[in-house]
Amino acid sequence: MAASVTNTAETQRPVKLSCRNLWKVYGTKPKHYFDAFGYQIDVGALASRMRAEDHIPAAIDVTFDVHEGEIFVIMGLSGSGKSTVVRCLSRLIDANYGEVLLDGDNLLNKSDKELIDIRRHKMGMVFQNFGLMPHLTVLENVAFPLKLQGLSLRDQRERAQRVITLVDLDGREDAFPTELSGGQQQRVGIARSLAVEPEVWFLDEPFSALDPLIRRQMQDEFLRIQKVLHKSIVFITHDFLEALRIADRMAIMRDGKIVQMGTPEDLILHPADDYVAQFTSEVPRIRVLRAQACVIPATGDTSVMAHVPGSMIVESVLTELAENPSGVVVDDPDGHALGVITPVSLIQTLASVAEARDGGGA
Amino acid sequence: MGWPAVILVSASCVLAMGHLDWVAEFPSALQLPIGGLFNAIMKWMVTNTEPFFKAVTFVLSYPMGWMRGLLHWLPWSAFIAVLVIIAYRAGGAWLAGFTGISLLYVLGVDLWDEAMNSFALVFISVPLAVLIGFLLGVLGDASDRAKRAIMPLLDISQTIPAFAYLLPILLLFGFGPVVGLVASILFSFPPMVRNTMLGLRGVPLEIVESGLMSGATNAQLFWRVRIPSALKQILIGVNQTTMASLSMVIIASIIGGTADIGWEVLSTMRKAQFGESMIAGIVIALMAMILDRITFGLAEKQGSTMVKKSLVQRYFFPMSLLMVAGALVVMDDAVPFLGHWPDAWHLDLAGPLNQVIERFVIVSKPTVEAIKTACLFFVMLPFKIGLDKTVSPYTWGFAPTAWHVAGYAALIGLASLGAWRKGHVGLAVTALLGGLVFYIGLTDMPWIAILSILIWFAYRLGGRKLAIGTALGMLFLLVSGSWDKAMLSLYLCTIAVSLSFVMGASLGTLAAQYDGFSHFMRPINDTMQTLPPFVLLIPIVMIFKIGEFAALLAIIGYAYVPAFRYTEHGLRHVSETVVEAASSLGTSRAQMLFLVKMPLALPNIMLGLNQSIMYGIAMLVIAALVGTTGLGQEVYVGLSAGNFGQGFVAGIGMAIIAITADRFCQAWQHNHQHHVTKE
């Protein structure tokens, strides 16, 4: 499951949240599987043993890091354990084994009191069905975590108003949740989770309950907010395309295990197995691939060619190629040339990707 | 399987009962003095716990006294003003107007003091019952063990008729208004427990999680997240508790000494002063409706605790109440009629009303008598004592001959055979046994036959567990010597519930088809449900006189409503897609109703039947006031004779019938549901 091209800017930043060998097992006696450390020899065998003994391992040896300011997406179908993992991270569920390190500090050892304090200042969470209090107005809902902290009424109102403006809900402060559309309700949910100015932000399928068009809008909105706030984010979704759109890095989960982890491009170009390939096969390559992945070595004179950044999506490169039929030079962030793309080379690259996919999928 | 044995046993018992006494009657040597045992236990309790209960009485009598004092001291104008303002807040101008006019009616008919006494009891008992219910509900929600202890208690306390525990309370707490208070609290807290638990359990997990992620402590999570989210359901509990409390306050007045409105109804009814009784009954009905609409309205209203609110705005409502009341108390001196309703303004409605009633009774007598006799001779008596004793020249117009009997037997046999050939074995056996019961009469059936039939049905419906439960319940009835009375109750109840169900389900079906009819029936149903059952008796007794037929009507009037409501609800909420699919296949209106909607709504309709049975049994004791025989009468006699054991055994007997019927329905429903989901 090692990713080949992971040298993105995110991985160089310090780790904010780290999940190490996390297990969550449901059943009558989940604890006795973790008495000894022997299980680390063979994770798969232990999980099969649990299943054979009427226990359900919902999260199996889950390990990943979230870097500062990174959007880390966990993608999986229902029952894959993704919601369990995010709930273990926020300790809404207690994991059976493993560590969750926030700034190097293990959350699983925290007392209830410390945990409440962490939730009040460092964590925010957005829920699939919004989880709004039906008896409170928009403003009261957003101010609710602040009220629990015992802030003065003026501070509550001021800070709540700030995030309400951020999510573009000005003017609806006195409405009740039932008077809002789904998209607006989730804006309230987002505002509430941001009101405490958290460092780590969990979003559990935040847009899954919304219509496709609204979902798209909310994704853009989410990316816009993240551009301003730079939170460290764990984002859960069952929608592969959504994951591709917003992820800096992502993990695909199946039956409690992470089957592959990497950047969206990694997954598309190098699916670890047939399961991941099934998801990637439906994705239009030109919308995901970046210029840097399609370069060929420069032959001949490149001085007259136009330059494009390596992070440019291939779809946009097509427009550039239409204007520069002889090809474009692809630069890395520091301005050094990585190579060139010509119309012919691009067609060949895309064709080979498609071939590899069809061969792999058959 | 097993059915030939059941038929064989029943038939041979019927044949043998003329010759063997122990077949016809449960041998009295085997009966145990359970009633006496209860009496002894009670006596022991009374002597040993007297100081405790005396102390409770003493403590409770203070707030009682204060509340009574307050309500009597308060000028009528102040009381009405306060209630009207609350009504306005709960339900707008319409409810405020209704409340004002209703209370003016109470003043006009000179029953103000009696009404205040009843209100005083309700105002003290409701907060206490709500508090107890809320605490138990929270406990039941927090701990599974507590829940397992609480739930059966609730079941029992809601199926044992209220009358049955009036007497122990009377014995423990002594005479006086406190008895009414205690009885009313005991009777009215269960719905609060149920609704509190329901509400707390119904809070969506995500809301709890979002509360946790907002950093709520345990206390904050409970008071600021879970309780507010469950508030609506909890307030519905308050509404139900208020209604139960009022109805028990009325029932409790049967022990007298309370000088409240229930006593007024009862005493005038006993004196056959129907006009007076009717007038007081209307006061109760109005009180019930006011309390119901106000508490329900408050539950419906989403309370908003807006952040932006000044102190004055926040406390405007309670302040306005205090100020209006205060102003009226002060004005009392200057304008005397605001304090005491002048005697000259009292209306004498009773006299004219009595005349109207008399006229009506005389005019309608032939029709009424005809209906009554027809029902008695063709439905009630055959079921009670059997066709063999009912059919005579005086009743049916001919004497039964062997040919008639043979014809009847052939008819039953054909029906049974028809069912058999269509593969409905259960139905075939039911037809045979039903034919037998109608011929012999339920009360004349040998106990062994009834026992074996019931156990067989229990086994068929719910397996071994239900069969054993049924057997134990029936055994209690036999051993305690209540069997005969129980059969009398069963007979009346079966007829009343069957008629209620047929009437409720057909009307409900109509209402599901026609919106206009549904709108027309809604207020009628609401009224029937909010009326304390007592009041229902008044017009029925007026027209039909005392007797089993009047009791039958009273039960029907009370028990048809659930069948109506569940049927309408079930038919109206059949899945849209199924209805669309069916109409695309070209079903006619009738086919849609009978082939599509009815089968799908059946579980709901059966729930209505279940509820109708419960309501019917609850009404049985009240109906005993107008002259029925059976367990209801036993409860009532036990109460008036101060024989705790007698009343209590009968009460348990009724609870057994109610619980058995309930489990039968549930088992049937379970089987059916299973069947539907399998498809």
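The expected span of a helix is 1.5 Å times one less than its number of residues. Keep that in mind while looking at this model, which is a predicted one.

**One helix of chain B**

Helix H21 of chain B covers residues 515-530. With 16 residues at 1.5 Å a residue, H21(B) should span 22 Å, and its end C-alpha atoms are 23 Å apart, so the two values agree. Where does the kink in H21(B) lie? The kink, of about 30°, is at B:Met521, shortly before the proline B:Pro523. B:Met521 is also one of the buried residues of this helix, together with B:Asn525 and B:Thr530. What do these buried residues pack against? Their partners in chain B are helix H10 (218-252), helix H12 (274-300), helix H20 (483-513) and helix H23 (548-572).

**Domains in each chain**

| Chain | Domain 1 | Domain 2 | Distance between centres |
|---|---|---|---|
| A | 9-122 + 198-283 | 287-361 | 33 Å |
| B | 52-301 + 311-348 | 481-679 | 27 Å |

In chain B, 27 residues of domain 1 meet 23 residues of domain 2. On the domain 1 side, at least two residues each come from helix H6 (144-159), helix H7 (166-173), H10, helix H11 (261-270) and H12 of chain B. H12(B) has the largest share of that side, with 9 residues. By class, this side of domain 1 of chain B holds 21 nonpolar, 5 polar and 1 charged residues.

In chain A, 9 residues of domain 1 are in contact with 8 residues of domain 2. Helix H10 (residues 264-269) of chain A gives the most to the domain 1 side, with 4 residues. That side of domain 1 of chain A divides into 7 nonpolar, 1 polar and 1 charged residues.

**Where the chains meet**

How values were computed:
Residues are numbered from 1 along each chain as its sequence is written. Chains are lettered from A and ligands numbered from 1 in the order in which they are written. This is a predicted model: local features need pLDDT of at least 70, side-chain atom pairs count only at pLDDT 80 or more; totals for chains, interfaces and linings use all residues. The bend at a residue is the angle between axes fitted to the seven residues ending there and the seven starting there. A residue is buried if 20 or more other C-beta atoms lie within 10 Å of its own, exposed if 12 or fewer, and partly exposed in between; C-beta atoms are placed from the backbone. Two residues are in contact if their C-beta atoms, placed from the backbone, lie within 7 Å. Domain bounds come from an automatic or database domain assignment. Ala, Val, Leu, Ile, Met, Phe, Trp, Tyr, Cys and Pro count as nonpolar, Asp, Glu, Lys and Arg as charged, and the others, Gly among them, as polar.
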